[in-house]
Amino acid sequence: MSDVGGDIGARLARYRALFDLTGKTAVVLGAASGIGKASAEALAALGASIICADKDRAGVERTAYELSRHVRAEAHVVDAGSADDVARLATAAAKAGRVDIAVTTPAMHIRKGFLDYTDDEFDRIVSLNLRGVFLFLRAFGRIMRDRGGGSLIATSSMRATTLEPGLAVYGATKAGLTQLVRGLASEVGMHNVRVNAVVPSIVDTALVQPLKARPEIFNKLAAHTVFNRWSQPSEVATAVAFLASDAASYITGTALVVDGGWTAIDGPPSGLTETARA
């Protein structure tokens, strides 16, 4: 995006306008809950119309209904791991009008030792976390390539780079997702299509309610961040909204880390207050 001349007032107004999504349409897969729902809300708050998708019919219809009071919104029941479902979503979105933004968030993990994994468990995780993202990026990447622009956003994890026992397969899918993003970005940039990922660490969603019942574990994980707390879905969603907007017009092929400093430090913050002396 080229710079615009004019006086300081015009330039300041231009910066604000970069974040405005009015008139744009976003598809959000995983919109029934968690990061997906928060992303749909953040994009709607900036003015985008939202096509909500999730396999949870009640949840996705509730999200679409809530958003429809403020922007145009609709709900689709979609299994993120189904090629047919993703293809139907892409077709419906294209028929509804221009698709400017497409976000995918669904994932699963099974915390289990590498040597104890079954073939079925491996296939289930790879099918959703990696193949499902491939299906989504391919379907909406084609639409945006043909239209000549758009922003694709996938949800990775800090487990793509730093692991703990029991999450090897999950981490491998998230590392693979990052490479899918980079590869597609290198191929569609000439069509003005951007492809990025957000990389959360620990996010306080309904899925982690069992951990809240074990405060010693919940708090231990929080202590790995420099803020000593879990993130809220909205804090990841604002990163999604940024990548979706023209404010990120020169950002593609990247994994935007939203981890509270987890991967920046070697273990939990020490809380040291004294200056070390030789």
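1. The model is predicted, so local features need pLDDT of at least 70 and side-chain atom pairs count only at pLDDT 80 or more, while totals for chains, interfaces and linings use all residues. Residues are numbered from 1 along each chain as its sequence is written, and side-chain values use heavy atoms, with hydrogens and water left out.

2. Helix H2 covers residues 34-45. Helices (H or I, at least four residues) and strands (E, at least two) are DSSP runs numbered from the N terminus. The end C-alpha atoms of H2 are 17 Å apart, which agrees with the 16 Å that its 12 residues should span at 1.5 Å a residue; the expected span is 1.5 Å times one less than the number of residues. Just after H2, Gly47 has a positive phi of about 110°.

3. H2 is largely enclosed by the rest of the structure, because 9 of its 12 residues are buried. Buried means under 20% relative accessible area, exposed over 50%, and partly exposed in between (1.4 Å probe, protein chains only). Among the buried residues are Ile35, Lys37 and Leu43. Their cover includes strands S1 (25-29), S2 (49-54), S4 (101-104) and S6 (193-200), and helices H3 (57-68) and H9 (233-244).

4. H2 and H9 pack with their axes 8 Å apart, at an angle of about 50°. Axes are lines fitted to C-alpha atoms, for helices over the stretch in contact, and angles run from 0 to 180 degrees between N-to-C directions. The pair is therefore oblique; angles under 35 degrees count as roughly parallel, over 145 as roughly antiparallel, 65 to 115 as roughly perpendicular and the rest as oblique. Residues in contact (heavy atoms within 4.5 Å) include Ala38 and Ala42 in H2, and Val236 and Val240 in H9. The contact residues divide into 10 nonpolar, 3 polar and no charged. Here Ala, Val, Leu, Ile, Met, Phe, Trp, Tyr, Cys and Pro count as nonpolar, Asp, Glu, Lys and Arg as charged, and the others, Gly among them, as polar.

5. The axes of H5 (residues 119-147) and H6 (residues 168-188) come within 10 Å and cross at roughly 15°. These two helices are therefore roughly parallel. Phe122 and Leu130 are among the H5 residues that meet H6, whose side includes Tyr170 and Leu177.

6. Most residues other than glycine have a negative phi. Asn192, in the loop between H6 and S6, has a positive phi of about 65° and is exposed at 55% relative accessible area. Asn228, in the loop between H8 (215-222) and H9, has a positive phi of about 55° and is exposed at 51%.
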